Amino acid sequence: MIRYHFGFDDPSGTARRGKRLRPQLLLRVALAEGGAVESALGAAVAIEVLHNYSLVHDDIEDGDELRHGRPALWTRYGIAQGINAGDAMCALSYLALLDCEAGSPPERLARMARALHEANLGMCEGQGLDIAFEGRDAVSLDEYRAMVFGKTAALFGASCELGALSARASDARAAAYARMGRAYGVAFQVRDDVLGTWGSSAATGKPSGGDIARRKWTFPVVWALGQPACADRQIVAVAYGRRRRLDSAESLEVVAALERLGARAAADDAGDTALGEADRIAGEFDLDRERSIRDFLAQGARRVA
């Protein structure tokens, strides 16, 4: 089942296997801090497997039937097996870290394990908020930010922190990298919200407008409902007050209303603000001197055309 989720059992070799953003981020930080790729591979494997465990559970919790353009693990093997496979992946992520970092000083290994556990807890907290929001009539931007800070930003922060620790950076420097990574995580989530609203199925591997159909509280929706009363705001409010999945016509109506309200442009601006915060942290602590991390993640968080 785990091989199926990662696309390793596809005889054609054409299965999409994700972007591997988090392990790439971790390795780039390690290299930027003078470390060797080999010394960071265990942590890179750990962060990617942990991320994918969360995706397996997320698909079940959201009822998403597609992952990377093919049936999600739970739709092929059932919910119970999907939960169990996700749990196994969580265990494997910590074993990958412990096995590959066995030669590290005990204090550093404990610090790395703690960073991974804290990220896992943050993801669970953020996902809990995301699920709770589905039964709400309103969500504030502050509440949305708290959800994103856990669900997405926590793992981006841990990726940067673990990369720095793998390169034997000081705890203070690793903590600064974690702050920078969390800012990048916010930018990435806002972009992902834009993709979930306006992106094509080819780009996302999921049905177009799926976030709106499920009435998920994404940045464009939260921002739009915080605007003064008008006809387009009312369209969004009525749709999100229906407490059921929206049909195709309803979803398209909401997406069009969001566009007219300027929600897409507001999301672009919010993503740029988060990228700017990451740049500010990098400058303050003299991180990413060659800008390889910034350039890599700025491309991943670029605006959707």
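How many helices and strands does the secondary structure of the chain come to? The chain has 16 helices and 2 strands, where helices (H or I, at least four residues) and strands (E, at least two) are DSSP runs numbered from the N terminus. This is a predicted model, in which local features need pLDDT of at least 70, side-chain atom pairs count only at pLDDT 80 or more, and totals for chains, interfaces and linings use all residues. Residues are numbered from 1 along each chain as its sequence is written, and side-chain values use heavy atoms, with hydrogens and water left out.

The overall form comes next. A compact globule of 305 residues would have a radius of gyration near 19 Å, and the chain agrees with this at 20 Å. That radius is taken over C-alpha atoms, and the globule rule is 2.2 Å times the number of residues to the power 0.38. Along its principal axes, the C-alpha trace spans about 60 × 45 × 35 Å. Of the 305 residues, 53% count as buried; buried means under 20% relative accessible area, exposed over 50%, and partly exposed in between (1.4 Å probe, protein chains only). Among contacts (heavy atoms within 4.5 Å) between residues at least 6 apart in sequence, 73% join residues at least 24 apart.

The charged side chains number 38 positive and 42 negative, and the centres of the two sets lie 2 Å apart. Lys and Arg count as positive and Asp and Glu as negative, while His and the chain ends are not counted. Each charge is placed at NZ of Lys, CZ of Arg, CG of Asp or CD of Glu.

Some single residues can now be located. R67 lies in strand β1 (residues 66-67). R67 counts as buried because its relative accessible area is 12%. Its side chain makes a polar contact with the side chain of D59 at 2.7 Å. A polar contact is a pair of N or O atoms within 3.5 Å; within protein, one must be able to donate a hydrogen and the other to accept it, and residues adjacent in sequence count only if both atoms are side-chain atoms.

E118 is in helix α6 (residues 106-133) and is partly exposed, with a relative accessible area of 38%. From C-alpha to C-alpha, E118 and G82 are 23 Å apart in space, and 36 residues separate them in sequence.

Two loop residues remain. R243, between α13 (231-240) and α14 (248-261), has a positive phi of about 60 degrees although it is not a glycine. R291, between α15 (263-285) and α16 (292-300), is not a glycine either, and its phi is positive at about 65 degrees. R243 is partly exposed at 48% relative accessible area, and R291 is partly exposed at 41%.
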